[in-house]
Amino acid sequence: MTGVPASAAGGTGAKRVPAPKGKLGAAAVNQASLWNIANILTMVRLVLVPAFVVLLFQDGGFDPAWRAWAWAAFAVAMITDVFDGHLARTYNLVTDFGKIADPIADKAIMAAGLISLSVLGDLPWWVTGVILFRETGITLMRFWVIRLAVIPASRGGKAKTLAQGVAVGMYVLALTGPLATLRFWVMALAVVLTVLTGLDYVRDAVLIRRRGIVARRAAAGAPGHGEADEAGESAAAESTR
């Protein structure tokens, strides 16, 4: 007998302090998981947006050296876009902050590139308008059907993102000759993929919405089966991609 309580001695009889429960506990967990590598990469991408714009517009926006630095900032932002989502899913680092900030950062860096290039006269405004209209519309459409199902990113959507990133990056650089011609065709491909994948998302959203309406009507006629019907509908929606 040492006279020291078991809890202080660290023995097997020590009582464990229960983890906080309820909203306080959830807040503590979320706060602890906020500063993970995936979220830090997302924050870096958000910071790179204004940095990219400042670098691009140095010396009137036509200095090759400054545009090379702007390209570097844009390239880093696009690369972090690939890695932060992968890390979050692989290592279970998904947080509420990441769910909100990641898509904002994605859209912000692309919008900054397109708008800046159009302001400088390097890219027609209609190209910027088509791409931004599509991105904004699809984002709103995802929220429109989010209670029914999540529309996953398709291969076409990923190809579209890659084409947009490469095209904008090529326009940021002060290219001449064959490379300047090549970037035109890369941007044309990006615009075509933007429109086609946008129409594809619209079709999926409409189908999901219709199935959701049918599921609700069926649930209204069969009390107690609403959750099962909605789960079945969500599974069906996932299979459409």
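Me: Which residues line the second largest pocket?

Reply: In this predicted model, the lining consists of Val-130, Phe-133, Arg-134, Gly-137, Ile-138, Thr-194, Val-195, Gly-198, Leu-199 and Val-202. Helix 6 (125–145) and helix 8 (178–221) are the elements that give two or more residues to that lining.

Me: How much space lies in the second largest pocket, and what classes of residue make up its lining?

Reply: About 160 Å³ of space lies there. The lining has six nonpolar, three polar and one charged residues.

Me: Which residues of helix 6 are buried?

Reply: Buried means under 20% relative accessible area. In helix 6, that applies to Val-127, Thr-128, Ile-131, Arg-134, Glu-135, Ile-138 and Val-145. They sit on the same side of helix 6, because they cover an arc of only 160° around the axis. Trp-125, Trp-126, Phe-133, Leu-140 and Phe-143 are exposed on the other side.

Me: What do the buried residues of helix 6 pack against?

Reply: They pack against helix 5 (96–119), helix 7 (155–172) and helix 8.

Me: How far apart are Ala-167 and Val-186?

Reply: They are 19 residues apart in sequence. In space, C-alpha to C-alpha, they are 5.5 Å apart.

Note on methods
Residues are numbered from 1 along each chain as its sequence is written. This is a predicted model: local features need pLDDT of at least 70, side-chain atom pairs count only at pLDDT 80 or more; totals for chains, interfaces and linings use all residues. Side-chain values use heavy atoms; hydrogens and water are left out. On a 1 Å grid over the protein atoms alone, a cavity is a set of points where a 1.4 Å probe fits but cannot get out, and a pocket is an open set with protein on both sides within 12 Å along at least five of seven lines; lining residues have an atom within 4 Å of a point. Grid points are joined across faces, edges and corners, and a volume is the space filled by probe spheres set on the points. Helices (H or I, at least four residues) and strands (E, at least two) are DSSP runs, numbered from the N terminus. Ala, Val, Leu, Ile, Met, Phe, Trp, Tyr, Cys and Pro count as nonpolar, Asp, Glu, Lys and Arg as charged, and the others, Gly among them, as polar. Buried means under 20% relative accessible area, exposed over 50%, partly exposed in between (1.4 Å probe, protein chains only). The arc is that of the directions from the helix axis to the C-beta atoms. Contact means heavy atoms within 4.5 Å.
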